[in-house]
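Student: Hi! Could you walk me through this structure from the start?

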Amino acid sequence: MLDVSSIDSFYGETQALFSVSLSVRAGEVLALLGANGAGKTTVLRSILGLTRARRGDIRFQGKSITASATHHIACAGIGWVPDDRRLCPTLTVAKNLSLGEKRTAFRAWSLGEVTEIFTPLKYLMAREAETLSGGEMQMVAIARALLGSPGLVLFDEPSQGLAPKIVDDVMAVIRRLRQAGIASIVVEQNADVALGVADRVVVLSQGHVAWAGDVAALTADPGLKRKLLGGLS
Amino acid sequence: MSLLNLLPHLLNGIALGLLFSLIALGFMLILGLMEQINLAHGSLFALGAYFAYAICGAKLPLPPDVLVAWAGVPLGLRFATAVVVAPILVAPFGIVLERLMRRTYGRDPLYGLLLTFGVAMVLEELIRVVWGTRDYMMPVPRDMSGGFIMLDLIWSTYRFWAAGMAVVAMGAVWFIVERTRFGAMVKAGAHDSEIVQALGIDLTRLRVWVFVLGTMLAAFAGVIMAPLWGIRPHMGVDAVVPAFLIIVLGGVGSFWGAALGGLLVGMVVGLSGAYASEWSMLSMYLLLIAVVTFRARGLFGKKSVLEA
């Protein structure tokens, strides 16, 4: 579904990614792990075209999106749940959700289906986004991404600042998306949370891919896990 | 001077304030989404007035027989046509200006300021080339002109019409901004342009539409204002300065701030004009200083792009 091949990305003249490659299959959950500043968010931004990859290629559903405009990439079926949710604070929840609505080649989600997953949203529709709690904002951000009918959702630090119960709910949603055939890339500081939901793992270190493989292979080797993710569990 | 004698000045001020608000709203839409101050907004306002004069006064570049036939059309219909068509004719100027401004997005606002200042100068000179330097008076239909007596005072009929048209246009802007998905996109785009694009919204196209809307509002205000102010090449400067002042006064990004700011400025200008006409323009700057001294973000402002 998504193939990232040897991309180099920069912020100004500072290189943030060095020949990073990864791939995601339909319905697969890929955990993207690494320390602060490893380049995880930059990978997501490069896929979305927000931080352009100067070298390498990014293909989605077989088509190159390396040079595509961000809105074209989104319309191709890539959704984004940013780490700080990035809702429009002065708009109501209903308006924020309506901004995400679009049709793609993938399964369309109705507002009814989304509010069935996130039941509290039914009662929050008229509230302005700036009045929501962190967990409520995360619900809106995920719901907004789903209403965009994605084939792949990029989750950036979905557990950040949330209570453990809400983190469990978010991970349950990612599992539900997998059952619906929707792929996810989950960027996480909390490795155990990500490994609990992922099929495969890519570990980044200082902009390089340090390790890539199945979750089972990583968890079966405590020494390797400690070496790669020492401070992240 | 009795309170009753002040009433016409107050109502004239309200009418003026509503028109200022209209200009300020177009100015603010562009400032909000593009984060650039469009100094050419006043020139677009002036173009609206000149195009309206050309339509209403049958001064169009058309074959003589067509022009004669158009001049024979009742003035009321020509005026109505001007109100609708002049803003549409000015819209392409806004599209070209937006295209020129693209290189300034996301950069120091000074670039946009200099560019739009240059465009304002070009448009003003263009007006002088086409229409000359003399002043024109916009013809107004008989039913809308003249005055009437109420409470033993003489009232200008056209000011009521102008205020009514401004209220209708402001209502339309409020509906678009507050009640439509387009309005939500504009607000979201003004807050966070990246997320809007990542949701699949074409920001480039959105900016063009916002510029078209802002330009048409300026031109519409120019059409309505023309019979009150007269038409002259530098009338845009007379409009853009109060518009900018109203946005700062009302708070950047606030519809109601622009509406209330416009009304306040209009009333202060109107009332001070009743006592000391030479103070009427100075009074609005004093009002701005008074409000901004106690509330830097303006009356309804949240965190503004100017504070970034």
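Predicted model: local features only at pLDDT ≥ 70, side-chain atom pairs only at ≥ 80, totals over all residues.

Student: How many helices and strands are in chain A?

Tutor: Chain A has 9 helices and 10 strands. Helices (H or I, at least four residues) and strands (E, at least two) are DSSP runs, numbered from the N terminus.

Student: And which strands form the open sheet?

Tutor: The order is β2-β1-β4-β5 in chain A, with antiparallel pairing. Two strands pair if DSSP finds at least two bridges between them. At the edges are β2 (14–24) and β5 (63–64) of chain A, each pairing on one side only.

Student: How many bridges join β1 to β2 in chain A?

Tutor: There are 7 bridges between β1 (residues 2–11) of chain A and β2(A). One example is L2(A), whose bridge partner in β2(A) is V24(A).

Student: Which strands does helix α1 of chain A lie across?

Tutor: Helix α1 (residues 40–48) of chain A lies across β1, β2 and β4 (53–60) of chain A, and runs at about 110° to β1(A). Axes are lines fitted to C-alpha atoms, for helices over the stretch in contact (heavy atoms within 4.5 Å). Angles run from 0 to 180 degrees between N-to-C directions.

Student: What about β9 and β10 of chain A, how many bridges there?

Tutor: Strand β9 (residues 200–205) and strand β10 (residues 208–214) of chain A run antiparallel and are joined by 6 bridges. R200(A) stands opposite D214(A) in β10(A). Their hairpin has 2 residues between the strands, and Q206(A) takes a positive phi near 50°.

Student: What is the radius of gyration of chain A?

Tutor: Chain A has 17 Å, which agrees with the value near 17 Å for a compact globule of 233 residues. That radius is taken over C-alpha atoms, and the globule rule is 2.2 Å times the number of residues to the power 0.38. The C-alpha atoms of chain A fill a box of roughly 45 × 40 × 30 Å along the principal axes. Buried residues (under 20% relative accessible area, 1.4 Å probe, protein chains only) make up 55% of the 233 residues in chain A.

Student: Now chain B. How many helices and strands?

Tutor: Chain B has 12 helices and 2 strands. Along the sequence, chain B reads α-α-α-α-α-β-β-α-α-α-α-α-α-α. The radius of gyration of chain B is 20 Å, close to the 19 Å from the globule rule for 308 residues, so chain B is as compact as a globular protein of that length. Of those 308 residues in chain B, 52% are buried.

Student: At what angle do α7 and α9 of chain B cross?

Tutor: Roughly 105°, and the axes of α7 (residues 181–191) and α9 (residues 203–229) of chain B come within 11 Å. That makes α7(B) roughly perpendicular (65 to 115 degrees) to α9(B).

Student: Which residues meet there?

Tutor: From α7(B), F182(B), M185(B) and V186(B) meet L206(B), W209(B), V210(B) and L213(B) in α9(B).

Notes:
Residues numbered from 1 in each chain as written. Chains lettered and ligands numbered in written order. Heavy atoms only, no water. Buried < 20%, exposed > 50% of the residue type's maximum accessible area, 1.4 Å probe, protein only. Parallel < 35°, antiparallel > 145°, perpendicular 65-115°, else oblique.
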